[in-house]
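Here are some friendly notes to read alongside the model. Please keep the structure open and find each residue as you go.

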Amino acid sequence: MSKFSKSWRNYLQESELSTSGLQIQKGLHPKFWFRRELHLPVRRKLIKIAYDVAKELDIFDFIDDIIITGSIATYNWHSLSDIDLHIVLDFAKVDQNTSLVKKYLDSQKALWNKNHDIMINDHEVEIYFQDSSENHESDGIYSVQMGAWSKKPEKKKVKLDINAAEKKAESIYNEIQLLQDLFAKKKYRLVYGLSEKLKSKIKTMRSSGLSKQGIYSAENLAFKILRNNGLLEILSTLKTLSYDKLMSSGDVKIKIR
């Protein structure tokens, strides 16, 4: 969902990057947790969502676990945190061509998240498909299916390097501004190619930070700044619209959900 109401053209010119969501909380999110246990109505709702998705894709029998992870399951939550709902299954049991299974499930994930706007306690549900063999890095992992922690979050005394995160985010912010200008000049092929490279760069940046210093790395914090300010959505929109312009003989209407 869009985290902003202005058009994407004006948004980049008028806004400043907010870092208000980057802080370590005193406790787990009270709308989801009580004495470190997930509220039962929330748990039931998340299980229902996961089961419905799995049944629709005919992968229900392959489910190994259903987990929530990410900031909503740690002391790093904030008002814009998504509920990262992972459906865990053995890709090899679906088909021996696991790379094909991954591509298929990734496409279904993107389609589901695009078409659904499910909010629980003012936080949006995002689904993911995770291979059972995948090493998932997070400070908190809770099995919704079992009703127990797979990895309990710990409250750490960490000094967040907001300055370094801001610098990394601002660098990418400037690149997105350049893409916006190129799009206005109808350089659609260039915008499409550069947007693909930038999305890959952001993914690599975050992965590198997570592997070296975890969720409190400057790289992961920079990613959160970009996401919380709606810039990742703008980048995806620029990529999509530039492709549409390349493939279309007429004008393409700009719409951001």
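1. Let's begin with Asp52, which is partly exposed because its relative accessibility is 36%; here buried means under 20% relative accessible area, exposed over 50%, and partly exposed in between, with a 1.4 Å probe and protein chains only. Its salt-bridge partner is Lys48, with the closest N and O atoms 2.8 Å apart. A salt bridge here is a side-chain nitrogen of Lys or Arg within 4 Å of a carboxyl oxygen of Asp or Glu. Lys48 is partly exposed too, at 48% relative accessibility. Both residues sit in helix 2, 4 residues apart, which is about one turn of the helix. Helices (H or I, at least four residues) and strands (E, at least two) are DSSP runs, numbered from the N terminus.

2. A word on the source: this is a predicted model, in which local features need pLDDT of at least 70 and side-chain atom pairs count only at pLDDT 80 or more, while totals for chains, interfaces and linings use all residues. Residues are numbered from 1 along each chain as its sequence is written, and side-chain values use heavy atoms, leaving out hydrogens and water.

3. How many salt bridges does the structure hold? There are 6 salt bridges. One of them joins the side chains of Lys168 and Glu219, at 3.8 Å from N to O. Lys168 belongs to helix 5 (residues 162–184) and Glu219 to helix 7 (residues 218–228), so this pair ties together parts 51 residues apart in sequence. Lys168 is partly exposed, with a relative accessible area of 32%, whereas Glu219 counts as buried at 17%.

4. Another salt bridge runs between Lys201 and Glu175, whose closest N and O atoms are 2.5 Å apart. Here helix 6 (residues 188–213) supplies Lys201 and helix 5 supplies Glu175, linking distant parts of the chain, 26 residues apart. Lys201 is partly exposed at 40% relative accessibility, and Glu175 is partly exposed at 28%.

5. Strand 3 (residues 63–69) and strand 4 (residues 83–89) are antiparallel, paired over 6 bridges. Ile68 has Leu85 of strand 4 as its bridge partner.

6. Finally, the inside. In soluble globular proteins, nonpolar side chains tend to be buried together. The largest nonpolar core has 34 residues, and those with the most contacts inside it include Trp33, Ile68 and Leu85. A nonpolar core is a set of buried Ala, Val, Leu, Ile, Met, Phe, Trp, Tyr and Cys residues joined through side-chain atoms within 4.5 Å. Helix 2 gives the largest share of this core, 7 residues. A second, separate core of 28 residues includes Ala165, Tyr173, Ile202 and Leu226.

Notes:
Two strands pair if DSSP finds at least two bridges between them.
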